Amino acid sequence: MKKFLLLLPLTLLLGGCNREAQPTVDDARKFLADAEEKLLALNVEDQQANWVQENFITDDSEAISAKADQRAIDEAVQLAKDATRFDKLNLPEDMARKMKLLKVGLVLATPVDPKLSAEVTRLGSSLSGAYGKGKYCPDRLKQSDHPCLDIEDITKIMATSTKPDELLDVWRGWHAISPPLRKDYARFVELSNKGATELGFKDTGAMWRSKYDMAPDDFSKELDRLWDQVRPLYLSLHSYVRWKLHEKYGDAVPANGPIPAHLLGNIWAQDWTDIYKLVAPASADPGYDLTQILKSRNTKPVEMVKDGERFFTSLGFAPLPGTFWERSLFTKPRDREVVCHPSAWDIDFVEDLRVKMCIDITNDFFVTIHHELGHNFYQRAYDKQPFLFRDSANDGFHEAIGDTIALSVTPEYLVKIGMLPRAPDASKDIGLLLNKALDKIAFLPFGLIIDEWRWKVFSGEIPPDKYNQAWWDLRLKYEGIAPPVARTEDDFDPGAKYHVSANVPYMRYFLAYILEFQFHRALSKEAGCPAPGSNTPLHRCSIYESKAAGDKLNSMLQMGASKPWQDALNTIAGAREMDATAILDYFAPLKAWLDEQNKGKPVGW
Ligand SMILES: [Zn+2]
């Protein structure tokens, strides 16, 4: 009130008419130009601070990055609010889209109250920092020179051990890092919701759902439709894997109930690739083991990144800049704490591209490198766009691009680059596809439930005293997975997942897993695969060295976020709807095989 009274005479002094005047299109143009300039500057600073924090985790670097986050977010929140001034104007399409992106582009909306704003950004930073520093220090290692297990150690044990006791011990140990985060997380939810409501959203989840160029409710329906398309394939895979694990572990894995979460080769049970050996029939090995090949050649991490880069250059993209090789982090440092979770960066939003990952010489990392580079090549393709459009068509697109390239890492491609002497014949297809399904199909319901859970947490449908129960209810319903030991509300199992603690939206991964197959099918066609008259299956198609596919890909990438994602999808796939039938096409031979194996056995839980 006081402010208003103070302002009033000032306005009068300035002529008295401005306060009531409707802004013009020119005002809007100037506002957007200023906004883009400010946001670019603040985001570059923020990227720099975040890079330092994730590469040198200390209390100081956390404080510095939290402040940079806060400055960038506060400005974005203010601009989102200011943008509503132009709501009544009839703006040219690109300007209207920028106004909209200003309003829906936030992951975290800080409250207006500076104290609360500082509190929520500090909580955000300390939650992600606590996750990054998370360790399990079992009694049995107390006397050793490596007494604590970090997430990389734990990932290795989960991937390689077949001792149920050891797996359970490590599973419990890792899930003990998150209960201390629970209280802070609940407060974080409360404050971020306050910021979101101040911007006119129902809550933070509604804000996240509003950025998909369709009504938030329609978006939820799209997710249901896509899940319905792929669910039968997931059920076939789940039932087959359960049966095989039942044979291996006995009644620890029920013949027709949910699978316990610690026996699937991954601490979150989100990727089952590492139990491939346990579930693959003798006759269906993939015919080669890329991890072994890479190790036997004494491959260095940087050489694996070079392989990834070469794929993109073979499509016609320019090589990565020299600074990429100087500034990226490829291996885990011995002397300091870093966030090893793989990520791709574009520090200056032009060409200061980097990746940050702690590479092991494995097939998984070979694929992840292609994935992260996909982000980098996308970032560079749209660097000519105005700042607000320097983003992917929707966030699933960013995740999908690298994965699309990784689907082209076929045996035929490995032969071309000299890694394999010859490609295995079609008799190895079941092995190849089963291996891939343990990653791509096993993940789908997990990709869905993280944000199903979080949207309900943000909306209040899941209150803090139901956090853990609701988490496992969703895991049971969609995934047919159960906790290996009884859980209570003293636990906070969602917090043991990076994206929850670090507040990174997750639905993008589900979308990406759908889109990448749609992209792969379309780009393969562009690359002439399958060739007319041949019956090459979709999973043996690689777009490596296809300039035609590269051109098509690039024409979509360079659009950035300048058009609705439906337009971008249309550019690459000739369709305006996401479509999971490409997944079904890709895995069709496996589905038939699984159903054969599952005959007479229970399906579902
Ligand atoms: Zn990614």
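Select the zinc ion to begin: its protein donors are His371 through NE2, His375 through NE2 and Glu399 through OE, lying 2.1 to 2.2 Å from the metal. Donors here are N, O and S atoms within 2.8 Å of the metal (3.2 Å for Na, K and Ca), and because water is not among the atoms, sites may look incomplete. Before going further, note that this is a predicted model, in which local features need pLDDT of at least 70 and side-chain atom pairs count only at pLDDT 80 or more, while totals for chains, interfaces and linings use all residues. Residues are numbered from 1 along each chain as its sequence is written, and side-chain values use heavy atoms, with hydrogens and water left out.

**The zinc site**

Keep the three donors displayed and follow them along the chain, where they show the spacing H-x3-H-x23-E. Next select residues 363–381, which make up helix α15; His371 and His375 both lie in this helix, four residues apart, about one turn of the helix. Helices (H or I, at least four residues) and strands (E, at least two) are DSSP runs, numbered from the N terminus. Buried means under 20% relative accessible area, exposed means over 50%, and partly exposed lies in between (1.4 Å probe, protein chains only).

**Salt bridges**

Turn now to the charged side chains, among which a search of the whole structure finds 46 salt bridges; a salt bridge is taken as a side-chain nitrogen of Lys or Arg within 4 Å of a carboxyl oxygen of Asp or Glu.

Select Asp307 and Arg310, which form a salt bridge with their closest N and O atoms 3.0 Å apart. Both residues lie in helix α13 (residues 301–314), three residues apart, about one turn of the helix. Within this pair, Asp307 counts as buried at 10% relative accessibility, whereas Arg310 is partly exposed, with a relative accessible area of 33%.

Select Arg327 and Asp352 next, whose side chains meet in a salt bridge at 3.0 Å, N to O. Arg327 lies in helix α14 (residues 322–327) and Asp352 in the loop between β2 (343–346) and β3 (353–356), so this pair ties together parts that are 25 residues apart in sequence. Arg327 is partly exposed, with a relative accessible area of 38%, while Asp352 is buried, with a relative accessible area of 10%.

For a further pair, select Arg508 and Asp395, which form a salt bridge whose closest N and O atoms are 3.6 Å apart. Arg508 belongs to helix α21 (residues 507–526) and Asp395 to helix α16 (residues 395–407), so the contact ties together parts that are 113 residues apart in sequence. Arg508 and Asp395 are both buried. Then select Asp59, Glu62 and Lys133, which salt bridges with shared partners join into one network.

**Disulfides**

Finally, colour the cysteines, since the structure holds three disulfides, each counted as a pair of cysteine sulfur atoms within 2.5 Å.

Start with Cys137 and Cys148, which form a disulfide with their sulfur atoms 2.1 Å apart; with 105° about the S-S bond, this link is right-handed. Cys137 and Cys148 both sit in the loop between α5 (114–132) and α6 (151–160), 11 residues apart. Cys137 is partly exposed, with a relative accessible area of 42%.

Move on to Cys340 and Cys358, joined by a disulfide with an S to S distance of 2.0 Å. The torsion about their S-S bond is about -85°, so the disulfide is left-handed. Cys340 lies in the loop between α14 and β2 and Cys358 in the loop between β3 and α15, 18 residues apart. Cys340 is buried, with a relative accessible area of 8%, and Cys358 is buried too, at 5%.

End with Cys529 and Cys541, which a disulfide joins at 1.9 Å, S to S, and whose link is left-handed with -80° about the S-S bond. Cys529 and Cys541 both lie in the loop between α21 and α22 (547–557), 12 residues apart, and both cysteines are buried. With the bonded cysteines of the chain numbered in sequence order, the pairing reads 1-2, 3-4, 5-6.
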